[in-house]
Amino acid sequence: MGRGCLRVLGVALGATLAGGCAAYISPLQPPPYRDQIAASYDATWKALIRALAFDNVPLRVVAKDSGVIASDDIVSPIGVYADCGSRGDSPLEGETLVSFTVFVRPNGSTTDIQINSKMRTFRLAKFGGLKADPNYECVSTTRWEPNLVDAVRRFVKE
C-alpha cells in the first residue's frame with residue numbers, strides 16, 4: 001500500500017473517531033417480558049384489568065377472547081420506562097412515548113403473560129427546555145413489566 005493510500009486511510013479513520021464522540025448510541029432491545037400467574041385465565045384477566053386501571057394506563061384495545069390488551073401511548077420521562085441511549089457519553093434526556101401490548105394465554109391451571117413494549121423519543125432536552133426531535137427508538141428499562149405482574153398477583157389473591 002502506498003503512502004498516499006495510508007494517509008487517506010488515516011484521515012478517514014481520524015474523522016470517524018472524532019465524529020463518533022457525539023454520535024447517537026442505541027440501547028440493546030431486551031426480549032419481551034414473560035411470566036406466569038398461578039391462577040385461571042378468567043381470574044388473571046380480571047386482575048390484569050384492575051392492575052392496569054390502578055396504574056391509570058390508557059387502553060386502546062381490550063380483547064378478552066384473543067387475550068390481548070394494548071395501551072395507548074403514555075408520555076413518560078426518559079429513564080422511567082424507557083432507555084433511549086446516548087449521544088456520546090451523555091444519556092438522552094427528555095420525554096418518550098411508551099406503549100405496551102399484553103398477551104394472556106391459559107396454560108393448564110396457570111396463565112402465561114407476555115408484555116411487549118414499543119418506545120420512542122417524543123421531546124428531547126435542549127437548551128432552554130424540551131424540543132421536538134427526530135424519533136429515536138428506545139427500549140424498556142424492564143421496571144414497569146414486573147411491577148404490573150406483581151400487581152396482578154396481588155389482585156388475584158383478593
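## Model and overall fold

The model is predicted, with local features needing pLDDT of at least 70 and side-chain atom pairs pLDDT 80 or more, while totals for chains, interfaces and linings use all residues. Residues are numbered from 1 along each chain as its sequence is written, and side-chain values use heavy atoms, without hydrogens or water.

The chain holds three helices and twelve strands. Helices (H or I, at least four residues) and strands (E, at least two) are DSSP runs, numbered from the N terminus. Of the 158 residues, 34% count as buried. Buried means under 20% relative accessible area, exposed over 50%, and partly exposed in between (1.4 Å probe, protein chains only). A contact means heavy atoms within 4.5 Å. Among contacts between residues at least 6 apart in sequence, 62% join residues at least 24 apart.

## The nonpolar core

A nonpolar core is a set of buried Ala, Val, Leu, Ile, Met, Phe, Trp, Tyr and Cys residues joined through side-chain atoms within 4.5 Å. The largest one has 31 residues. Leu48, Leu52, Phe100, Val102, Ile115, Trp144 and Leu148 touch the most other members. Helix H2 (41-54), strand E9 (94-107), strand E10 (110-126) and helix H3 (144-157) each give two or more residues to this core.

What does Phe100 touch, beyond residues up to four places away in sequence? Its contacts are Ile69, Ala70, Ser71, Ile74, Ile115, Asn116, Ser117, Met119, Trp144 and Glu145.

## Helix H2

H2 has 14 residues and reaches 20 Å from its first C-alpha to its last. That is close to the expected 20 Å, taken as 1.5 Å times one less than the number of residues. Tyr41, Thr44, Trp45, Ala47, Leu48, Ala51 and Leu52 are buried in H2. The buried residues of H2 pack against strand E2 (33-37), strand E3 (59-63), strand E4 (68-71), E9, E10 and H3.

## The cavity

A cavity is a set of points, on a 1 Å grid over the protein atoms alone, where a 1.4 Å probe fits but cannot get out; lining residues have an atom within 4 Å of a point. Grid points are joined across faces, edges and corners, and a volume is the space filled by probe spheres set on the points. The count comes to one cavity of 30 Å³ or more. The largest cavity holds about 30 Å³ of space.

Its lining is Leu52, Val57, Leu59, Ile69, Ala70, Ser71, Phe100, Val102 and Trp144. E4 gives the most, with three residues. E4 and E9 each supply at least two. By type, the lining has eight nonpolar residues, one polar and no charged. Here Ala, Val, Leu, Ile, Met, Phe, Trp, Tyr, Cys and Pro count as nonpolar, Asp, Glu, Lys and Arg as charged, and the others, Gly among them, as polar.

## Positive phi in two loops

Most residues other than glycine have a negative phi. Asn56 has a positive phi of about 60 degrees although it is not a glycine. Asn56 sits in the loop between H2 and E3. Is Asn56 buried or exposed? Asn56 is exposed, with a relative accessible area of 65%.

Thr142 is not a glycine either, and has a positive phi of about 55 degrees. Thr142 lies in the loop between strand E12 (137-140) and H3. At 37% relative accessibility, Thr142 is partly exposed.

## Val61 on strand E3

Val61 belongs to strand E3. Val61 counts as partly exposed because its relative accessibility is 32%. Leaving aside neighbours within four places in sequence, Val61 contacts Val68, Ile69 and Ala70. Val61 and Thr101 are 40 residues apart in sequence and 8.9 Å apart in space, C-alpha to C-alpha.

Methods:
1 Å grid on protein atoms, 1.4 Å probe; cavity = no way out; pocket = protein on both sides within 12 Å on 5 of 7 lines; lining within 4 Å.
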